[in-house]
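These notebook entries record what I looked up, entry by entry. I began with helix packing and went on to the sheets and the ligand shell.

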Amino acid sequence: MTTNRRNFLKNAAQLTALGFYPLSSFAGVSKNIGQPPTHDLTKASVEDEDFWKLLRTQFPLSNNRVYFNNGTMGPSPYPVIDAVYQKMLQVDSTADYGGWEESRKAIAKFVHANEEEICLTHNVTEGINIICWGLNLKKGDEILVTNHEHVGGALPWLNRAKMQDLKVNFFELGKTAEETLANLKLKINKQTKVIAVPHIVCTIGQIQPIKEIIALAKAHNIQVFVDGAHGTGMLNLDLHDLGCDFYASCCHKWLCGPKGTAFLYIRKEALDKVQPYFVGAGSDSGWNIVEPPTPSLNGYAKAAHRYDYGTQNASLWMGVNAAIKFFETITMPVVEARVKFLASHLQNELLGLKNSNIEMLTSLEAPSRGAVIAFKLRNMEYSTFQTEAGKANFRVRVVPENGVNCIRISTHIYNSIEEINTFVKFVGEMAIR
Ligand SMILES: Cc1ncc(COP(=O)(O)O)c(C=O)c1O
């Protein structure tokens, strides 16, 4: 047997032992296989590059370019793709469908919530709209958002405000959590009824002090909505511990699940604060059209299922279950530590260039830093940088939103220190142009 073949079988056996996808079944995968690991795969060390390189072979993600845009879309590993394919095949060969209730359970367990608190959605924006329109607000009420909103976090509130004479105001993010809280305090007034805040802002990746924001809001009788687009799969989430009433997230970014899968968490005690507007199968606690005396809707399901209804794409939800299993195998504390390690390495290396053309935007304090780092180049437009980065085979995201005009780098479990170091060298070259 050739060395390559032996290495391939050894790697495949180790990955299969972890419950990951048996690589040999996928044509074309073997070319991605690297050197055999010299250690036990089940003891993932945050800084063990060999382990993470091996893990990378579970992703069909092209090796021709360095992908630093997980904040927009998380590429799926093979077990996810396979689960989608297998379920689709099963549905279309048996003509039986269903099974997505399992995902509600799996998501609840993954984010430390109860099954009754999870509504299945298709994207974060859908969850935001459910809360935005469901909360009891009246003319003149004010919603406070940040000056770093994603369009999906801004538009629903702006739209309702436009249609119902509400007011949207914003507070500015600070360089630290303390500064942000101070800025928020200054903006709260008697009309403030909702604070809608991203857990991790899409622009510069800063983690917001959600617990402190909730405490502040409670003291003023204000509702807090958390846009958790970037929470699931990046942080070891415990939504009960976080203490929020509402958290809209997705499975298609940091969880690397199928695209078009998401969920909305509503704390059980907060269910009746949110009026369901779109309802159907699963939303009700009984209904009747033909029995006398009148057609009636008895009430709503005593669960967040009241906001989701009808047929779901079971194959996508099986992919979500596989994504959760994938992350649970590595374990979320390890994933969180690894992505934070990569991001802090990137931030430190960029700062280490000591080039005055590089302006670091992401907070330097550890509790505010997740897996996303953003910076500006004083000598170059962000769009020019993106073009140059593309030519050098780096996929980055630029942020024109809210006039932030920066370069955003997301690093996930399939990235390596080597990729980051190559990128930092590239930034150094751009910064002296
Ligand atoms: C902070 C934030 N909120 C909302 C969204 C919208 O997410 P989706 O496309 O799943 O609706 C995004 C997407 O990037 C985001 O970053």
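I took axes as lines fitted to C-alpha atoms, for helices over the stretch in contact, with angles running from 0 to 180 degrees between N-to-C directions. Helices (H or I, at least four residues) and strands (E, at least two) are DSSP runs, numbered from the N terminus. The model is predicted: local features need pLDDT of at least 70, side-chain atom pairs count only at pLDDT 80 or more, and totals for chains, interfaces and linings use all residues. Residues are numbered from 1 along each chain as its sequence is written.

**Entry: α4 and α10**

I looked up helix α4 (residues 101-110) against helix α10 (residues 314-330) and found an angle of about 30°, with the axes 9 Å apart. The two helices, α4 and α10, are therefore roughly parallel to each other; angles under 35 degrees count as roughly parallel, over 145 as roughly antiparallel, 65 to 115 as roughly perpendicular and the rest as oblique. The crossing of α4 past α10 is left-handed, a term used if the near helix is turned anticlockwise from the far one by less than a right angle, with right-handed used if clockwise.

Which residues of α4 and α10 meet? From α4 I noted Glu-102, Ser-103, Ala-106 and Phe-110, and from α10 Trp-317, Val-320, Asn-321 and Ile-324. Contact here requires C-beta atoms, placed from the backbone, within 7 Å. The residues of this contact of α4 with α10 comprise five nonpolar, two polar and one charged. Ala, Val, Leu, Ile, Met, Phe, Trp, Tyr, Cys and Pro count as nonpolar, Asp, Glu, Lys and Arg as charged, and the others, Gly among them, as polar.

**Entry: the four-strand sheet**

I traced an open sheet of four strands in the order β11-β12-β15-β14, with antiparallel pairing; two strands pair if DSSP finds at least two bridges between them. At the edges stand β11 (358-360) and β14 (397-399), each with a single partner strand, so one side of each lacks a neighbour in the sheet. Neighbouring strands of this sheet are turned by 35° against each other on average, direction ignored. Strands β12 (residues 372-377) and β15 (residues 406-410) pair in the antiparallel sense over four bridges. Opposite Ile-373 I found Ile-409 in β15. Helix α11 (residues 332-352) packs on the sheet and touches β11, β12 and β15, its direction making about 20° with that of β12.

**Entry: α11 and α13**

I followed α11 to helix α13 (residues 417-431): the axes come within 10 Å and cross at roughly 25°. That makes α11 roughly parallel to α13. The crossing of α11 past α13 is right-handed. On α11 the contact uses Leu-342, His-345, Leu-346, Glu-349 and Leu-350, and on α13 Ile-417, Ile-420, Asn-421, Val-424 and Val-427. By class, I recorded seven nonpolar, two polar and one charged for the contact of α11 with α13.

**Entry: the seven-strand sheet**

A further open sheet has seven strands in the order β2-β8-β7-β6-β5-β3-β4, with mixed pairing. I noted a twist averaging 20° from one strand to the next. Strands β3 (residues 142-146) and β5 (residues 192-198) run parallel and are joined by three bridges. The bridge partner of Ile-143 in β5 is Val-194. Helix α8 (residues 210-219) lies across β5 and β6 (223-227), at about 160° to β6.

**Entry: the ligand shell**

How many residues surround the ligand? I recorded 13, the closest being Asn-123, Thr-125, Gly-152, Cys-202 and Ala-229; a residue is near a molecule if its C-beta atom, placed from the backbone, lies within 6 Å of it. Two or more residues of the shell come from each of α5 (124-134) and α6 (151-164). The shell has six nonpolar, six polar and one charged residues.

How values were computed. Two residues are in contact if their C-beta atoms, placed from the backbone, lie within 7 Å.
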